[in-house]
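Me: I have a model open and would like to go through it with you. Could we take it piece by piece?

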Amino acid sequence: MSELRGVGIGLGIAQGPVIRMTEALPAPEKTSSTIGADAERARAREAISAVAAELTERGDLAGGAAQEVLEAQAMIAEDPTLQDEVDTRIDAGTTAEWAVHDAFAGFRATLEAVGGYLGERAADLEDIAQRVLAHLRGVAAPGVPDPGHPFVLVARDLAPADTALLKLDQVLALVTTDGGPTSHTAILAREKGIVAIVGAAEAAGLRDGETVIVDASSGVVVTDPSAEELERAAQRAADRLSAVAAPLTPGALADGTAIPLLANLGKPADAADAVARGAEGVGLFRTEFLFLSSAQAPTVEQQRESYRELLAAFPGKKVVVRMLDAGADKPLAFLNDAHEENPALGLRGLRALRASEDILREQLTALAEADAATEADLWVMAPMVATVEETKYFTALAREYGLKTPGVMVEVPAAALLADRVLAHADFASIGTNDLTQYTMAADRMLGSVADFQDPWHPAVLRLVREVGAAGARLGKPVGICGEAAADPLLAVVLVGLGATSLSMAPAALADVRQMLLGRTLDEAKQLAEAALAADDAASARTAAAQLAASLPQH
Ligand code: PEP
Ligand code: MG
C-alpha cells in the first residue's frame, strides 16, 4: 500500500474503485472563420445562453447552496464584459470556438493571479467554457461519469454543476488533485456529507478501476490497500454509522467524567438540528455570521431578537456567545474599513471592537436584554484576545452590563502562554484551535498551499493547549475547545487529556466524538496526550496517539 495526502473534508471513510472524471475537451485551434462574424456571434450567443439556461435548470433541481452557486455560474456565463471579449475576438476574424476559449482563459488567468477565494473560482470559469465549447461542437460536456456501480470519483476539481447533481448512492467518495479547503468541492461535500479529500496532487496518478481507501479524517488516500486495511476501513465506516444511531447521552468518558458536548452555531435557525443531535448547549455562537452582508452595524433591536431566538432554544443550558469576530476571512463592512496587508494580524476580533467601542457596547446591551428575557445560562466571550490587559478590559465591560460569565477565546499563542494570568480575570477560556494553529504555525488558514501546516495535532499547538488546561485546573476555571480540532474524535480525547473540560463542534460531528469519549478513561486520555506531546510533528503525534489507542483496552 502507499498513501497520497490532501486535505480531508469531514471525518468519513470510504473505499471503492476509482473512476476518473471525463477529461476536458481539447482546446480549439486558432483558425479563421469561414461563415463570417455575424454568424459566429450568433453561434456564440446561442451556445452561451443555452449553457446559462442549463446551469439554472440544474440549480433548480439541486436546490440549497448548490442552487446559489449554479445561478452565480449562469450569471458569469452571460456576463456582458465576457460577451464583449468574445465578440472582439470574433470581429478579428476567428471562430466562435476560439473566441470563447480565449476570452474565458483570459478571465481565468486574471482570477488566478488574484489568488485566494477568487483564484479558487477559476475552476468555475473553466467549467463554463468547456460547456459552451461542447455545445458549439455538438458533443456531450465533460462531466461526472456514470459507470453503473458505486465508485470513488477522482477529478482535478469538480465544478459546482457536477457536484450538485452527483448521484449520492453511486459516489462513495470524492478526491480532487486541485482546490483548497474553501473550493466548491469542499463546500458542497461538507453540505452533502460526502467523504472527500481535496488538493491531493498525487491522485492524478490513480487509474480507473483500482481500489482505494479515502480517509477524510486523516486526509489520506490509501492505494493498493491490503485485505486487512480494507477490513479496518469497513469497520470504521460501520462504527460511524452506529455512532450516528447511538443514544444521545451527555458527553462523558468511560470512567464517568462529564465532558459536555456543545454545538458551534452561526445562526439561531440551526439550534434545532443541534438539539436533535444531542448538543448539551452552545460552545460557540459566531455572531459575525449574522451580519457578514450588512453595510451598517446591526441595531440593538435586531441583535436582541436574534440572541433571544438562540437562547430560547436552550432553556437551562449553557450558551456561549462570542462577540463579533470581524476581520481577516470575515470582514464586516462596519468594523473593518481600512485596507491591511496582513488582515489576520491586524485589527481583528476584540481589537476591531475596541476601536469601535460603541458597537461592542451595543452588542453587550442586546445580549443583556436577551438574557433577561430567556432561561439559558448565557456566557459571553471575546475573540482574538492577546493580552491580560485586553482580558481585563473585556471582562470588566461585560460585567458592567450585568453579564455574569465573561471569558476569552485563546487563539493567540501569547494568551495561551499567559493563561494563568488571563484566567485570573476571565471566568473561562475557550480555545479556538483554528486560529491558535494558524498563529502558532504562521500559516494562513485560508490558503491551500500551506494547508499542511494548519494541523492542530502539531505538538507546538498541543503544548499551548496543555498550558491553558493546566492553568484552568489550578484556578478552577473551565477550559473549552471550540475549534475544528474538537470535531476530530481521537484529537478530542487528547484535548481532554490536556485539560479541556468541554468540547464544542459542528453538530454533525457530535456523534463520532460522543462515541470516542465513551471508550476512554481520563487516565487513558492523559496517556494519549503525553504520546502526542512527545512527537516531533503533527503526523507523528496523530500516529503515536492512534497506535497507543489501538493497544489500550476497549471499554
Ligand atoms: C477558532 O479560531 O478556532 C474558532 C473557533 O473561531 P473561528 O473559526 O470562527 O475563527
Ligand atoms: Mg477564531
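Me: Which residues are buried in helix α20 (residues 510-518)?
Reply: In helix α20, Leu510, Ala511, Asp512, Val513, Arg514 and Leu517 are buried. Buried means under 20% relative accessible area, exposed over 50%, and partly exposed in between, with a 1.4 Å probe and protein chains only. Helices (H or I, at least four residues) and strands (E, at least two) are DSSP runs, numbered from the N terminus.

Me: Before we go on, what are the ground rules for this model?
Reply: This is a predicted model, in which local features need pLDDT of at least 70 and side-chain atom pairs count only at pLDDT 80 or more, while totals for chains, interfaces and linings use all residues. Residues are numbered from 1 along each chain as its sequence is written, chains are lettered from A and ligands numbered from 1 in the order in which they are written, and side-chain values use heavy atoms, with hydrogens and water left out.

Me: What do the buried residues of α20 pack against?
Reply: They pack against α9 (227-245), β9 (261-265), α10 (271-276), α19 and β16 (502-505). Contact here means heavy atoms within 4.5 Å.

Me: Which residues have the most contacts inside the largest nonpolar core?
Reply: They are Leu265, Leu360, Phe394, Trp457, Val494, Leu503 and Leu517, in a core of 93 residues. The largest share of this core, 7 residues, is supplied by helix α19 (residues 489-497). Apart from it lies another core, of 25 residues, including Val51 and Leu70. A nonpolar core is a set of buried Ala, Val, Leu, Ile, Met, Phe, Trp, Tyr and Cys residues joined through side-chain atoms within 4.5 Å.

Me: And what is Leu360 in contact with?
Reply: Leaving aside neighbours within four places in sequence, Leu360 contacts Met323, Leu350, Leu353, Tyr393, Phe394 and Leu397. As for Tyr393, the charged end of Arg354 sits over its ring, 3.8 Å from the centre. For a charge to sit over a ring, NZ of Lys or CZ of Arg must be within 6 Å of the ring centre and within 35 degrees of the ring normal.

Me: How many aromatic pairs does the structure hold?
Reply: There is 1 aromatic pair. The ring centres of Trp379 and Phe428 are 4.8 Å apart and their planes are at 50°, so the pair is tilted. Rings of Phe, Tyr and Trp (its six-membered ring) pair if their centres lie within 6.5 Å; planes under 30 degrees apart count as stacked, over 60 as edge-to-face and the rest as tilted.

Me: Where do Trp379 and Phe428 lie?
Reply: Trp379 is in strand β12 (residues 377-382) and Phe428 is in the loop between α16 (419-423) and β14 (429-431), so the pair ties together parts 49 residues apart in sequence. Trp379 is buried at 12% relative accessibility, and Phe428 is buried at 3%. Lys318 lies over the face of Trp379, at 4.0 Å from the ring centre.

Me: Changing topic, what coordinates the magnesium ion (ligand 2)?
Reply: Glu411 (OE) and Asp435 (OD) coordinate the magnesium ion, at 2.0 Å. Glu411 is in the loop between β13 (405-410) and α15 (413-417), and Asp435 is in helix α17 (residues 433-441), 24 residues apart. Donors are N, O and S atoms within 2.8 Å of the metal (3.2 Å for Na, K and Ca); water is not among the atoms, so sites may look incomplete.

Me: Is Glu411 buried or exposed?
Reply: Glu411 is buried, with a relative accessible area of 3%. Asp435 is also buried, at 2%.
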